[in-house]
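Here is a short note to read beside the model. Please keep the structure open as you go.

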Amino acid sequence: MTILDGKALSNKIKDEVKVEVEELIKEKHITPGLAVILVGSDAASATYVASKAKSCKNAGIYSVVHEMPDTITQEELLETIKRMNENPSLDGILVQLPLPKHIDTTTVLEAIDPLKDVDGFHPYNVGRMVSNLDSFLPATPFGVMRMFEEYGIDLVGKNACVIGSSDIVGKPMASLLINAKATVTVCNSRTKDLKAQTLASDIVIIAVGVPHLLKADMIKEGVIVIDVGINRLDTGKLTGDADFEDCKTKSSFITPVPGGVGPMTIAMLLKNTVKAAYLRETRESK
Ligand SMILES: Nc1nc2c(c(=O)[nH]1)N[C@@H](CN(C=O)c1ccc(C(=O)N[C@@H](CCC(=O)O)C(=O)O)cc1)CN2
């Protein structure tokens, strides 16, 4: 059994990004810039945003965090995005999710310039991803694909079960696996016999936010378990959607929580920001 070490891999990717940024600055005289919009006072979101800003700084990426109270109107948020779209020193723009209930997430994400959409959530980028065309890929599934690559996990012909069909993880994860020639089943809370689906799978990717939902009796011997869940227990301890100690007894590869998929999310966001800066350079040099 091999533990897929997302912490170590994310550090390697961050080092790669640092070199790419140095090259961009030296050869193209461009410093990549990222704007992160944080609405409200959700503690976890604030932590992730702070971590994004720190990772940008370490990589040499200019970043700005725009904090807005949860009382703001949708129009105010859209106005802020419009200004950022027009700001030439910002290559990437992202709105930290989730947003307060009175704001329509789809409308907000659609307001971001697709060429600055480093989260890959704009319908333009989603469509391109599904069509297997070059685009910004949502950071978490992008990070999982990089993990497969780094650990030499071949996806062709594998049966993959994605549990959870969110726009951020489940749906894009399924698309990327389909494009990699896996056979993909997507399960949700209405799935009639989840265990039958997971038992038939070579790869199980779970992203539902239910601590320890996936148990060893639900997976076959040699399975690859990718746990995208991050659940904080009453004890304060972080745990995944898979029962790690139980599932690892049957897995060939498994991601831990913390230290698995989570850290890959920020590393791949940095990758997307550098890509956005390259796109700017290409446009400007035409
Ligand atoms: N606009 C976006 N919003 C959200 C995204 C996103 O990709 N774009 N993803 C998540 C939150 N997220 C980044 O934004 C994120 C989640 C988890 C981690 C991470 O490193 N987790 C660590 C544990 C950290 C902890 O102690 O809490 C781990 O799993 O080891 C980074 C980023 C939802 N919103």
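1. Where is the place of T282? T282 sits in helix α10, residues 261–284. Helices here are DSSP runs of H or I with at least four residues, strands are E runs of at least two, and both are numbered from the N terminus.

2. A word on the source. This is a predicted model: local features need pLDDT of at least 70, side-chain atom pairs count only at pLDDT 80 or more, and totals for chains, interfaces and linings use all residues. Residues are numbered from 1 along each chain as its sequence is written.

3. Is T282 buried or exposed? T282 counts as exposed because it has 10 C-beta neighbours inside 10 Å. The cut-offs: a residue is buried if 20 or more other C-beta atoms lie within 10 Å of its own, exposed if 12 or fewer, and partly exposed in between, with C-beta atoms placed from the backbone. T282 and K28 are 254 residues apart in sequence, yet 10.0 Å apart in space, C-alpha to C-alpha.

4. Next, the ligand. The shell around the ligand holds 19 residues, and Y48, L97, P258, G262 and T265 come nearest. A residue is near a molecule if its C-beta atom, placed from the backbone, lies within 6 Å of it. Which helix gives the most to this shell? Helix α10 does, with four residues. At least two residues each come from α2 (43–59), β4 (92–95), α6 (139–150) and α10.

5. The shell divides into twelve nonpolar residues, six polar and one charged. Here Ala, Val, Leu, Ile, Met, Phe, Trp, Tyr, Cys and Pro count as nonpolar, Asp, Glu, Lys and Arg as charged, and the others, Gly among them, as polar.

6. Now the domains. The domain assignment gives domain 1 (29–114) and domain 2 (139–261); such bounds come from an automatic or database assignment. Their C-alpha centres lie 28 Å apart. Each of the two domains supplies at least three residues of the shell around the ligand.

7. UniProt, in an unreviewed entry, lists residues 138–278 as "domain: Tetrahydrofolate dehydrogenase/cyclohydrolase NAD(P)-binding". UniProt positions are given in the numbering used here, feature names are shortened, and annotations may be inferred rather than shown by experiment. Over residues 138–278 the chain is 35% helix and 19% strand, and the end C-alpha atoms are 18 Å apart.

8. Which residues does the UniProt annotation "binding site" cover? The unreviewed entry names G164, S165, S166 and I230. G164 lies in the loop between β5 (159–163) and α7 (170–179), and S166 lies in the loop between β5 and α7 too. G164 is buried, because 24 other C-beta atoms lie within 10 Å. S166 counts as partly exposed, because it has 17 C-beta neighbours inside 10 Å.

9. Their contacts leave out residues up to four places away in sequence. G164 touches V169, G170, I206, A207 and V208. S166 touches K171 and A207. Two residues are in contact if their C-beta atoms, placed from the backbone, lie within 7 Å.

10. Last, helix α5 (residues 123–130). Its buried residues are N125, V126 and M129. Seen down the axis of α5, they fall within an arc of 105°, so they line one face of the helix. The arc is that of the directions from the helix axis to the C-beta atoms. These buried residues pack against α7. The face turned away from the buried side carries the exposed residues P123 and G127. Just after α5, N132 takes a positive phi of about 60°.
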